[in-house]
Amino acid sequence: MAYPKHESILWRWGLWVSLTVVLLAAGLYLGREVGTEGLVREGICRELLAGYTSGRQGVISSVWWGPFPTLAILPVAFLLPAALSLPACLLVSALFGAATLVLIEQALRMWGAGRWRWVLLLGVALNPAFLEHCWTGSSLPMVTCLLVLSLYSVTSWVHRRRLLDLVWFAFGSALLLGTGYEMSGWVLAAVCVVAIEEWRRRVSGAEKRAVLLVALLPLAYMVALWLLMCWLIMGDHLYAMRSLMAAGPGPGSALILPDLIWWSYACLAILVVWMLVLALRGHDRGGVCLAVLGLALPGAAGLMAWREQLWDGAPLLLAILPAAVMALGHWLANREQGETANGGGASTRCDRRTVGVWLLACLPLILADIVPLALPPGALRTASVPSDSMQGPWLPELERHIRLQTPFAKVFVCGFESFALLQSHVSPIFEHALDFNFEKSKRDYHGHVLYILVPRPEQRNAMESIHWKNRNIYVQGGPDALYDSDWGNWRLFEIIQATMPR
Amino acid sequence: MFQKSAVSSQQSAVTVGDPLMLSRLRPEWSARVPITSAQRTVLLAACGVVLLLAVWQPWLTAKVFVLTSTVFYVIHAIYKLALVRFSISVNSELVIGAAELAAIRDEELPVYSIMVPMYHECESVKHLVQALSQLDYPADKLDVQLLLEADDNETRAAVEAITLPAGFRVTVIPVSQPRTKPKACNVGLDFARGEYLVIYDAEDRPERDQLKKAVVGFSRAGANTICLQSRLNFYNPRHNLITRLFTAEYSAWFDLSLPGLSAVQAVIPLGGTSNHFVTRRLRELLGWDAFNVTEDCDLGIRIQRAGYQTSMLHTTTWEEACSRVRFWIPQRTRWIKGYIQTYLVHMRHPLQLLRELGLAKFLHFQLVVGCSTLATLLNPLFWFLAVLWFLFRLDALTSLFPGPVFAMGVLCLFAGNFAFVYLGMIGCYRRRYWDLVSYALLVPCYWILMSYSGWRAFFQFFSDPFKWEKTNHGLS
């Protein structure tokens, strides 16, 4: 690999700022609105800054809502002037989206991919799914950015063994784990790759231990910190993982993806397998490492799909494209340098096959990205919750419905999406409930009529504590919960209380 | 007043100047008056206001204090991490290659002065002379001065017992107050014959080619660079736990933080030994402040105030790490006390300092000299609050940290402290002290010692500002 000694910092920062501005401006111009995830994370930040327990719970209480994206939004939410009326999550998504592109460009340039890097970069930058996430305040740009950072740094580490690359990998993978459960499989694979790479080297045991400690300590610290925070805030150090232990596949939590998108991911996986074969044949350890980690993405996705924990728009699936682009860029860089060394030459049969595999992989992907844009809304199967139910236009009506029955009522809105739901309607009768407890609520609101509003158990909502603590509550209610009414994707239950003695 | 120095039998008597010249000619640059009356008035007034507020509005005062401290911690942590980032990625040091060194002809080399202040160091004399004799520099162009105190009979006897190589001489420092290393260095500076000059401690073992590297470094760095700071590290890092932790700290400071400061051309607090100077410029600056117990840090700031520059030189001098807590604490006390002295000396006229340094360097000065000292003093209070909260979950304590302050506090507690531990690991890794990487995890225990020394320094600053607690060497 050709790693130039110097690179222009000005160029990198300039590109980052410019791309951020372009992404942000394009999103605002096209009138994209903040998605559910963005609303939830903004809501958590608001509660956190106000010093409420619900905010603290929102940061750490679920592996499905990792803390890092919320914590990345927090300082921006705090510092961004309210007069701008720009949601912090949009700015953060644009920043990370731009950083993803800059990192890919830097990686391809450092590897020596030449002009090809611009073509590959466009492949990611013009991907509608990627853009959509950048424009709606999703955490996906953060996931892709950290993934690209980890991939690039681990490959560079294998090539040139520079301490800075190891440190970047250590922090990239630790923060990637902090984005949530979905990337944990990939992070584990990356750790294994580094460990195997170290094990293969003929150096002293002390050096191997030092490398592994530097590489893995941030990751271990992230896990330990998460456990500690769960213990401090939730009173149970494993609370964030309880959904994985307690819940089987919930109704509606299974993968729902258009077939075309499935095919595109499968083709990209084939491309990465081909890259792996080429890297193995060329004894290119960096290439092998990159391809193995690229393959770990569909591998982890397959595992999650098997456990019915994967759905449309999952970051794990969408991160496959940047990984595939990097694998291809790495191969192209190797090929260009090989040609330069050999004084040029005709394209080999191997090259033609590679280009063929690449086209095969790209075609379904392009179609998968373009077709949904061309079709009218709702034409494709999707598990996405309609946005109107997230904004909660029916909340005032629900409040009237409850106040008609009693002026002393409390409605506990369960789950993370309560932060998105309640942001449009402020009322003292609604309260966030990430860790709802029937007995405690009865004690705390003695003399009130109590309700819980439970989200439909689909996608991430199926992993909410209200569902794993009270199996089938949405469908059957429970000994303490009596069905009242349905509101969008939410179901209202009245909490049954013993009659008070006079 | 200094008239003549008594000199050893190996040298003739030489007339010397005034080792306290700086404090006499530029008293505003000297720590002779540790705290001026204006500063005392301002500090007392500030303390009075805080006390009044604490009595009138205790809760609000506590909240403001916590908020201010938390913001300070966040800025300090980000700053230190940024320095490390600069040190790793930018050409932050003058790296002199073997080819450049090989190209130098001996006759082109200038006379180089080496000054070694010694006090009760009889056990180091032999090793020192051996280490300096092995320097790759023509003997006829070396001007080595061993600066011995007149009343230090055992060291003088140890020196007289050996035959000094060519180019070595002894300068005896008469007994006078203050009894500090910089005073001895000022005497030596007056006698120095070299175009360049370097300070070593008695137990130092510089890399053989360090002087040649410095000569090339000065010629490459340009006329404005009048000082080169070498990296320092220890030859006894594995002696015991304290030396291991000391090594982790030194590796992070000299291999990561100082190159970072050099990369952004900030003020560099010099490291006590292995500072190479352009002798003429050092004399212009009136040498060292004999009343400052970290004269090196002070000189680093004065170099910048005079419009000159310090750069880091990629070469190492090996020292002896203090291996006993009972000697380590006085040494650290002196360093922190010296930082307090330096900060107060240069902040006598803040606007003038701002004009002379410019805004960026002024802020660097605040962060490097002021904030690092303040952090060692503040740390115990916040550790205590953290322990109190973990153990008792007091609501009163929680209310001291409203939303944003809580978020910043958590960030500092968990991310900031982790980052500092990690820096120690990276420092050891860069030095290829593979086995010490894991010991860096214990650095938080070391911070407790630092804070203890910090408070000791704070009280000593008022009770005995010029006391020089000498570090004992030869223990490893």
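This is a predicted model: local features need pLDDT of at least 70, side-chain atom pairs count only at pLDDT 80 or more; totals for chains, interfaces and linings use all residues.
Visitor: Into which domains is chain A divided, and how far apart do the C-alpha centres of the domains lie?

Guide: Chain A is divided into domain 1, covering 11–241, and domain 2, covering 387–495, and the C-alpha centres of these two domains of chain A lie 32 Å apart. Their contact draws on 13 residues from domain 1 of chain A and 11 residues from domain 2 of chain A. On the side of domain 1 that touches domain 2 of chain A, helix H2 (36–49) and helix H3 (53–60) of chain A each supply at least two residues, and H2(A) gives the most, with 5 residues. That side of domain 1 of chain A divides into 6 nonpolar and 7 polar residues, with no charged ones.

Visitor: Within chain A, how does one describe the packing of helix H8 against helix H9, and at what angle do they pack?

Guide: One begins with the axes: helix H8 (residues 140–160) and helix H9 (residues 163–177) of chain A pack at an angle of about 150 degrees, their axes being 8 Å apart. Angles over 145 degrees count as roughly antiparallel, and H8(A) is therefore roughly antiparallel to H9(A). The crossing of H8(A) past H9(A) is left-handed. Among the residues that meet are Val143(A), Leu146(A), Leu147(A) and Trp157(A) in H8(A), with Trp168(A), Phe169(A), Leu175(A) and Leu176(A) among those in H9(A). Taken together, the residues of this contact of H8(A) with H9(A) comprise 11 nonpolar, 5 polar and 1 charged.

Visitor: Which strands pair with strand S1 of chain A, and in what sense?

Guide: Strand S1 (residues 409–414) of chain A pairs in the parallel sense with strand S3 (residues 449–455) of chain A over 5 bridges, and S1(A) also pairs in the parallel sense with strand S2 (residues 430–433) of chain A, over 4 bridges.

Visitor: Turning to chain B, why are H9(B) and H16(B) described by their orientation as they are?

Guide: The axes of helix H9 (residues 241–263) and helix H16 (residues 403–430) of chain B come within 8 Å and cross at roughly 75 degrees, and H9(B) and H16(B) are therefore roughly perpendicular to each other. The contact includes Ala248(B), Ala252(B) and Leu256(B) of H9(B) together with Leu423(B), Ile426(B) and Arg430(B) of H16(B), and its residues divide into 6 nonpolar, 3 polar and 3 charged.

Visitor: How many residues of chain B are in contact with chain A, and which element gives the most?

Guide: On chain B, 18 residues are in contact with 18 residues of chain A. The elements giving two or more residues to the side of chain B that touches chain A are helix H3 (58–89) and H16 of chain B, and H16(B) gives the most, with 11 residues. That side of chain B divides into 13 nonpolar, 3 polar and 2 charged residues.

Conventions
Residues are numbered from 1 along each chain as its sequence is written. Chains are lettered from A and ligands numbered from 1 in the order in which they are written. Axes are lines fitted to C-alpha atoms, for helices over the stretch in contact, and angles run from 0 to 180 degrees between N-to-C directions. Angles under 35 degrees count as roughly parallel, over 145 as roughly antiparallel, 65 to 115 as roughly perpendicular and the rest as oblique. Two residues are in contact if their C-beta atoms, placed from the backbone, lie within 7 Å. Ala, Val, Leu, Ile, Met, Phe, Trp, Tyr, Cys and Pro count as nonpolar, Asp, Glu, Lys and Arg as charged, and the others, Gly among them, as polar. Domain bounds come from an automatic or database domain assignment. Two strands pair if DSSP finds at least two bridges between them. A crossing is left-handed if the near helix is turned anticlockwise from the far one by less than a right angle, and right-handed if clockwise.
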